[in-house]
Amino acid sequence: MQLIFFIKSPTVNVDNFTIKNIPGSSGRLDVISRCILAAILTEGDFEINVKIWVFLDNYGTYIFDPELFNHGNFPKNELMLSKHLVRFLIKYNLEEIPYNNPLKAIRTSTLNISKAIEKFQKINYNIFTLREEGNDFFKLKNRIQKMNNILFIIGSQEDDFLNSKELLALKIPTISIGNQSYLASSVIRLLKLHILLL
């Protein structure tokens, strides 16, 4: 099974980044960092066959594929990941990524989130968006577990893409993991728990 997560942020801006106040100085890069860690790390190793695409309106599209990273030096907490990610974003724009940046293996894409969704539709991925008012995931879980290639689009509090005409036009089925509001990173962990471990 191949499992991919998409998350988009219109607010991330690292021009005034300070490690002492990551949420306030980065446009909530902390949310993105937590989602990356939730997606590609498991206890003591990288998660096999899981990738996360990060769509940053101000910086572009970044693909985190565990197969390309070194687990030994990969930053495994939110603080360190945010620190290295900021360095990557700044240096990427200058085409001067330091050789010793553990995130140097990040892949980039010219696709925005809509075009990326269309790409995965064409190669027959099973794509779902997460909404509180979607179909009950737990009723569909057994069927989803049998699918080979799955892509989940995770919303963020700062972005209205999930409610956009652009996404609605793509006719992506929606699922919900309950009426309770979860952090995006918690949604990722819950989906992995129920799809990969059972």
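Two strands count as paired if DSSP finds at least two bridges between them. Helices (H or I, at least four residues) and strands (E, at least two) are DSSP runs, numbered from the N terminus. This is a predicted model, where local features need pLDDT of at least 70, side-chain atom pairs count only at pLDDT 80 or more, and totals for chains, interfaces and linings use all residues. Residues are numbered from 1 along each chain as its sequence is written, and side-chain values use heavy atoms, with hydrogens and water left out.

**View 1. Strand 7 and strand 9, side by side.** These two strands run parallel, joined by four bridges.

**View 2. Strand 8 and its partners.** Strand 8 covers residues 149-154, and five of its six residues are buried (under 20% relative accessible area; over 50% is exposed, and in between is partly exposed, using a 1.4 Å probe and protein chains only). Strand 1 (residues 2-9) pairs with strand 8 in the parallel sense, over six bridges. Strand 7 (residues 126-136) also pairs with strand 8 in the parallel sense, here over four bridges. Find Ile 150 in strand 8: Leu 3 has Ile 150 as its bridge partner, and Asn 126 stands opposite Ile 150 too.

**View 3. From strand to helix to strand.** Follow the chain through strand 7, helix 5 (residues 137-145) and strand 8, and you have traced a right-handed β-α-β unit. Right-handed means that, with the strands pointing away from the viewer, the path from the first strand over the helix to the second runs clockwise.

View 4. Seven strands form an open sheet in the order 6-5-4-1-8-7-9, with mixed pairing. Strand 6 (107-109) and strand 9 (174-176) are the edge strands, each pairing on one side only. Neighbouring strands of this sheet are turned by 30 degrees against each other on average, direction ignored. The axes behind such angles are lines fitted to C-alpha atoms, for helices over the stretch in contact, and angles run from 0 to 180 degrees between N-to-C directions.

**View 5. Helices lying on strands.** Helix 7 lies across strands 1, 4, 7 and 8, at about 160 degrees to strand 8. Helix 2 (residues 29-40) lies across strand 1, strand 4 (50-56) and strand 5 (60-64), at about 165 degrees to strand 4. Contact here means heavy atoms within 4.5 Å.

**View 6. A closer look at helix 7.**

**View 7. Two asparagines with positive phi.** Asn 49 sits in the loop between strand 3 (45-46) and strand 4, and its phi is near 65 degrees, positive although the residue is not glycine. Asn 124, in the loop between helix 4 (113-122) and strand 7, has a positive phi of about 65 degrees too.
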